[in-house]
Amino acid sequence: MQYIVHRPRVGVFIDTQNLYHSARDLLERTVNFETILNVATHDRELVHAISYTVERENEATARPFIYKLSTLGFKVRRMNLTLHHVTDGGKAIYEGNWDMGIVADMVRMMDSMDIIVLGSGDGDYTDIVEVLQERGKRVEVIAFREHTAQKLIDAADRFTHLPDIEGGLMPARTPKASKTEE
């Protein structure tokens, strides 16, 4: 007699800017998105992996990063920054926020997933976490504890502090030696 074992179906939703800025601000490092995807999908069937990015219009510096995310298996959703306002001092303040897009995708795709992995510490996601759980979904959060809302940690079925993941961060960059030091 053969038994069919159902592997849990997982969807991974990464708020790229949230994790990027946390890694940079806290540890002066960058996130290893390949490791995050591998940890999120371990022994589970990946059905969706989406990375949400924000970039300046006509700026090509993000292209290699976006290409890398695509080669890792992420569908990359991109948004251009928009001018929010200019300060009295003349500094332009831009905004780009994927929160509602991420929530919409989770709702749209929830019937095809058993587990949702959210890569963000933004407390605004707490309500969708609870809605997904009410629909029988398990929700796991991967983020930086220092930049994660306590209410999101409390709501999640599992919280993983990203620096605790082996290989979760790229190696620290070594400063280039100046010509006078050579």
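## Worked exercises around helix α2

Asp43 sits in the loop between α2 and β2 (helices are DSSP runs of H or I with at least four residues, strands are runs of E with at least two, and both are numbered from the N terminus). Before we dig in: this is a predicted model, where local features need pLDDT of at least 70, side-chain atom pairs count only at pLDDT 80 or more, and totals for chains, interfaces and linings use all residues. Residues are numbered from 1 along each chain as its sequence is written, and side-chain values use heavy atoms, with hydrogens and water left out.

**Exercise 1. Find which residues of α2 are buried and what covers them.**

Step 1: look at the start of the helix. There, a side-chain oxygen of Asn32 comes to within 3.2 Å of the backbone nitrogen of Glu34.

Step 2: list the buried set. For α2 that's Phe33, Thr35, Ile36, Leu37, Ala40 and Thr41.

Step 3: find the cover. It includes β1 (9–15), α1, β2, α3, β6 (115–119) and β7 (138–143).

Step 4: zoom in on Ile36, which lies in α2. Ile36 counts as buried because its relative accessibility is 0%. Skipping residues up to four places away in sequence, Ile36 touches Ile14, Val31, Ile142, Leu162, Ile165 and Gly168 (contact means heavy atoms within 4.5 Å). Ile165 is 129 residues from Ile36 along the chain, yet their C-alpha atoms are 8.1 Å apart.

**Exercise 2. Describe where Arg44 is placed and what its side chain pairs with.**

Step 1: locate it. Arg44 is in the loop between α2 and β2, and at 14% relative accessibility Arg44 counts as buried.

Step 2: find the partner. The side chains of Arg44 and Glu140 make a polar contact of 2.9 Å (a pair of N or O atoms within 3.5 Å; within protein, one must be able to donate a hydrogen and the other to accept it, and residues adjacent in sequence count only if both atoms are side-chain atoms).

Step 3: Beyond four places in sequence, Arg44 is in contact with residues including Arg7, Pro8, Val10, Val39, Ile115 and Val117.

**Exercise 3. Say how many cavities of 30 Å³ or more there are and what lines the largest cavity.**

Step 1: count. The whole structure has 1 cavity of 30 Å³ or more (on a 1 Å grid over the protein atoms alone, a cavity is a set of points where a 1.4 Å probe fits but cannot get out; a pocket is an open set with protein on both sides within 12 Å along at least five of seven lines; lining residues have an atom within 4 Å of a point).

Step 2: list the lining. It's Val39, Ala40, Arg44, Val117, Glu140, Ile142, Arg158 and Thr160. Two or more of these residues come from each of α2, β7 and β8 (158–161).

Step 3: size it up. The largest cavity holds about 50 Å³ of space (grid points are joined across faces, edges and corners, and a volume is the space filled by probe spheres set on the points).

**Exercise 4. Characterise the largest pocket.**

Step 1: take the volume, about 830 Å³. Among its 29 lining residues, Thr16, Gln17, Tyr20, Thr30 and Phe65 are the closest to the centre.

Step 2: assign elements. α1 (16–27), α2 (33–41), β2 (45–55) and α3 (63–72) each give at least two lining residues.

Step 3: You get 13 nonpolar, 7 polar and 9 charged residues (Ala, Val, Leu, Ile, Met, Phe, Trp, Tyr, Cys and Pro count as nonpolar, Asp, Glu, Lys and Arg as charged, and the others, Gly among them, as polar).

Notes
Buried means under 20% relative accessible area, exposed over 50%, partly exposed in between (1.4 Å probe, protein chains only).
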